[in-house]
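Please look through the sequence and the structure below before reading on.

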Amino acid sequence: MLRLLSFALFLAIWWTAALFVGGAKLPSPPAVLNVIIAEAASGALFLHLGATLARVALAFVLAMSVGSAIGYLMGRVKLADRLGDPWLILLLNLPALVVIVLAYIWAGLTEAAAIAAIAINKLPTAVVTLREGTRALDRSLDEMATVFAMPRWRAFRHVVLPQLAPYIAASARSGLSLVWKIVLVAELLGRPNGVGFEIGIAFQLFDTPRLLAYSLTFAAVVLVIETVLVQPFEARATRWRPRAA
């Protein structure tokens with residue numbers, strides 16, 4: 001109910017602002033809704049949303065898989081941490097725009113270049129989070145697994161992974177919010193489809209209703225995924241932690 005109330009308040013503020021500013025700069029909600037319906041009826045909305053979501057999924061899975069493995073290695077092995085730390089600092093401070101442009105220059109305006117650039121921008125945040133989680137592991141539990149002669153994979157599954165689950169959930173949530181933003185920039189600069197591409201076209205034509213239609217539809221999809229998938233996963237991963245009264 002509170003979310004619905006917040007949404008109603010957002011619509012009221014938007015509609016009021018549109019009346020004062022004018023439809024040329026800020027179209028009213030019905031005007032944007034008409035564009036959404038028209039784009040959905042033509043199939044373009046679903047085509048571009050699907051392309052963007054596919055890029056998000058591929059880049060996110062790639063970055064989380066590689067970043068988690070590197071972060072775990074750096075948290076466990078001091079030599080790997082010392083060798084990888086300068087690279088990690090460089091990637092953390094390198095602007096996303098630079099990575100995307102370089103990827104397009106070196107690999108061409110291809111799908112692989114776009115996904116790789118998005119994943120590289122997400123990678124260092126996953127590495128940092130998992131490295132800190134690995135450093136926080138309870139060493140006494142490792143000793144227990146050794147004493148009971150647990151196989152390495154079984155020890156990782158039942159001893160290490162449950163301790164890392166909250167860090168994986170935190171990395172996934174923050175990383176997903178980062179990937180949403182970066183994928184639009186990658187599409188704006190070098191892809192022939194996707195929500196970012198459509199936003200770029202709307203900007204060139206000064207078509208504010210179309211720009212808002214694609215932006216708000218994308219935001220709605222992100223909100224649904226956050227509510228249905230990400231938040232339940234985070235709640236399950238951290239369910240063992242004590243809650244505040």
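**From annotated segments to helix contacts**

Over residues 56-75 the chain is 100% helix and 0% strand, with the end C-alpha atoms 27 Å apart; helices here are DSSP runs (H or I, at least four residues) and strands are runs of E of at least two, numbered from the N terminus. This is a predicted model, in which local features need pLDDT of at least 70 and side-chain atom pairs count only at pLDDT 80 or more, while totals for chains, interfaces and linings use all residues. Residues are numbered from 1 along each chain as its sequence is written, and side-chain values use heavy atoms, leaving out hydrogens and water.

The unreviewed UniProt entry lists residues 56-75, 87-106 and 211-233 under "transmembrane region", an annotation that may be inferred rather than shown by experiment. Over residues 87-106 the chain is 90% helix and 0% strand, and its end C-alpha atoms lie 20 Å apart.

Further along, helix α8 (residues 152-190) packs against helix α9 (residues 195-204) at an angle of about 60°, with the axes 7 Å apart; axes are lines fitted to C-alpha atoms over the stretch in contact, and angles run from 0 to 180 degrees between N-to-C directions. Contact, meaning heavy atoms within 4.5 Å, is made by Leu184, Glu187 and Leu188 of α8 and by Val195, Gly196, Phe197, Ile199 and Gly200 of α9.

Glu111 forms a salt bridge with Arg191, the closest N and O atoms being 3.1 Å apart, where a salt bridge is a side-chain nitrogen of Lys or Arg within 4 Å of a carboxyl oxygen of Asp or Glu. Because Glu111 lies in helix α6 (residues 111-135) and Arg191 in the loop between α8 and α9, the pair ties together parts that are 80 residues apart in sequence.
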